Amino acid sequence: MAKSKKIKVGIVGVGRGQYLAHGMTNIPEMKLVAFCDVQKEKLVKVGKELKVDTYTDYDKFLEHDMDAVILANYFHEHAPFAIKAMKAGKHVMSETSACITIAEGVQLIETVEKTGKIYMFAENYPYMAVNQEMRRLYKSGKVGTFMYGEGEYIHPIDADNWNKMSCGMNHWRNWIPATYYCTHSLAPIMYITETRPVSVNGFVIPYTADDLVNACCVRRNDSASMIALKMDNGAIVKLLQFNLRGGNVWMRIHGSKGQMENLREGDNNMLRLIREQYHQKRTTPKTQIYLPDFPEHHDKAIKAGHGGGDFFTFYHFVKAIKTGNQPFFDVYRGVSVSIVGILAYRSALDNSNTLEVPDFRKKSIRKKYKDDHWNPNPAQKKKGDPWPSVFGKITPTKQGIAYSKRNWKNVGFIEKTN
Ligand SMILES: NC(=O)c1ccc[n+]([C@@H]2O[C@H](COP(=O)([O-])OP(=O)(O)OC[C@H]3O[C@@H](n4cnc5c(N)ncnc54)[C@H](O)[C@@H]3O)[C@@H](O)[C@H]2O)c1
């Protein structure tokens, strides 16, 4: 495409998609031209506000004159939507997760290879200023060889807000296993250190009936998970996510020469770098604490959502389309970070045994996984598929169902079944 031409973009999903649409107004190289959602009322409202064409049918939407599609539809349906879009000649930026089964991950990778379209996994947490600064420090050798890392994405939510964004018994938030949303904790570590997970041990922190939030929801999944990873350079990583009290987003990197992390207390955009320069002339104070700027485009990023991360996902998507070079979070890294969540759950259900994280850049490895359709979606449960909780089938309480339905009704959602 001509370098000066605007990239015509369509978005799927009026929830997160609406925020992305507003964020896109700060990206001069992109132009929103179409919106798609099955919820007609919300879609029409958003379409009028943004002055774009709207579609309730994804196939019709794909016929619209546009260059790229941003997928902010359901968490567990991104891969088939991405595959269809690329086959229709569109570049794709996909929200997390890239795939809900490992077989889908293989299909997604093969579609990118076959079509040659740009695929960007829209992980935004790596691009927060503090994580970009850790990447800069790591690349400059300040902390030496990566030895150990921790990534935490702890996001407790009260029942009313949970239910408003999880309308329906089978809404994905009410059933995805506790290991599946691991991309916000893992992707920054992959970006900072440019390492890749090679093995996984998963541990699930189970559902508790005395959590008053659970009592007011229809969740059938566990609270949180701890995932232990070995990376391709031998480093060990601990991930912790999702629903525990004491919300925080925290990254910690230990190297052979130093350690760095964002602050746990106070402003968690602040970075602490510790360099114990034993046996060498000290060149910096032992400890430095500072608030880093973004390495580039600070003025634009500072105004964007998710600590500036939302600006940089657009920025890198545009750059990839304009140059024809796949972005850092390409389909291989997108699938890799997503299948860690799948494999960690499989491990947790098998006494936390060690499982290999396959490197799908190697074609020969794909064969073993291309029919791995293991899927925790209770609405599609087949023989051999897991329940979303390590306890097996969880039945929501009458109180939880009634409370949720009141919340859903307040946002205009009426459950058709149950
Ligand atoms: N990166 C981030 O910081 C971040 C933040 C929020 C959400 N997300 C991700 O964005 C995605 C969407 O999140 P959400 O909170 O808006 O979820 P959601 O479930 O509220 O919204 C999904 C939307 O997709 C629409 N949809 C479903 N099937 C469709 C179809 N066949 N055709 C057209 N539209 C369809 C739904 O009607 C709904 O409006 C999820 O994958 C989530 O993980 C990422």
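Here is a short walk through this structure, one selection at a time.

Before you click anything, know that this is a predicted model: local features need pLDDT of at least 70, side-chain atom pairs count only at pLDDT 80 or more, and totals for chains, interfaces and linings use all residues. Residue numbers start from 1 along each chain, as its sequence is written.

**Stop 1**

Start by selecting β1 to β6. Helices (H or I, at least four residues) and strands (E, at least two) are DSSP runs, numbered from the N terminus. These six strands make an open sheet with parallel pairing, in the order β3-β2-β1-β4-β5-β6. At the edges sit β3 (53-55) and β6 (119-121), each pairing on one side only. From one strand to the next, the twist averages 25°. Two strands pair if DSSP finds at least two bridges between them.

Now zoom in on β2 (residues 30-36): three bridges join β2 to β3, and the two run parallel. To see one of the partners, pick Phe35, whose bridge partner in β3 is Thr54.

**Stop 2: helices across the sheet**

Contact here is between two residues whose C-beta atoms, placed from the backbone, lie within 7 Å. Next, show α4 (residues 78-87), lying across β1 (7-12), β4 (68-71), β5 (91-94) and β6, at about 165° to β5.

**Stop 3: around the ligand**

Of the 19 residues around the ligand, Gly13, Gly15, Arg16, Phe75 and Glu95 come nearest. The shell divides into nine nonpolar, seven polar and three charged residues.

**Stop 4**

Most residues other than glycine have a negative phi, and most peptide bonds are trans. Go to the loop between β5 and α5 (102-115), where you'll find Ser97. The peptide bond from Thr96 to Ser97 is cis, with omega near 10°.

Then hop to Lys51, in the loop between α2 and β3. Lys51 is not a glycine, yet has a positive phi of about 55°. Is Lys51 buried or exposed? Lys51 is exposed, with 7 other C-beta atoms within 10 Å. The scale: buried is 20 or more other C-beta atoms within 10 Å of a residue's own, exposed is 12 or fewer, and partly exposed is in between, with C-beta atoms placed from the backbone.

**Stop 5: two helices side by side**

Select α6 (residues 129-139) and α8 (residues 183-193), whose axes come within 8 Å and cross at roughly 30°. That makes α6 roughly parallel to α8 (angles under 35 degrees count as such). Show side chains: Asn131, Met134, Arg135 and Tyr138 in α6 meet Pro188, Tyr191, Ile192 and Thr193 in α8. Five of the contact residues are nonpolar, two polar and one charged.

**Last stop: β8 and its partners**

Finish on β8 (residues 197-205), joined to β9 (residues 224-231) by eight bridges, running antiparallel. Gly202 has Ile227 as its bridge partner in β9. Two bridges also join β8 to β15 (residues 355-356), again antiparallel, and there Val200 partners Leu355.

Technical notes: Axes are lines fitted to C-alpha atoms, for helices over the stretch in contact, and angles run from 0 to 180 degrees between N-to-C directions. A residue is near a molecule or strand if its C-beta atom, placed from the backbone, lies within 6 Å of it. Ala, Val, Leu, Ile, Met, Phe, Trp, Tyr, Cys and Pro count as nonpolar, Asp, Glu, Lys and Arg as charged, and the others, Gly among them, as polar. Angles under 35 degrees count as roughly parallel, over 145 as roughly antiparallel, 65 to 115 as roughly perpendicular and the rest as oblique.
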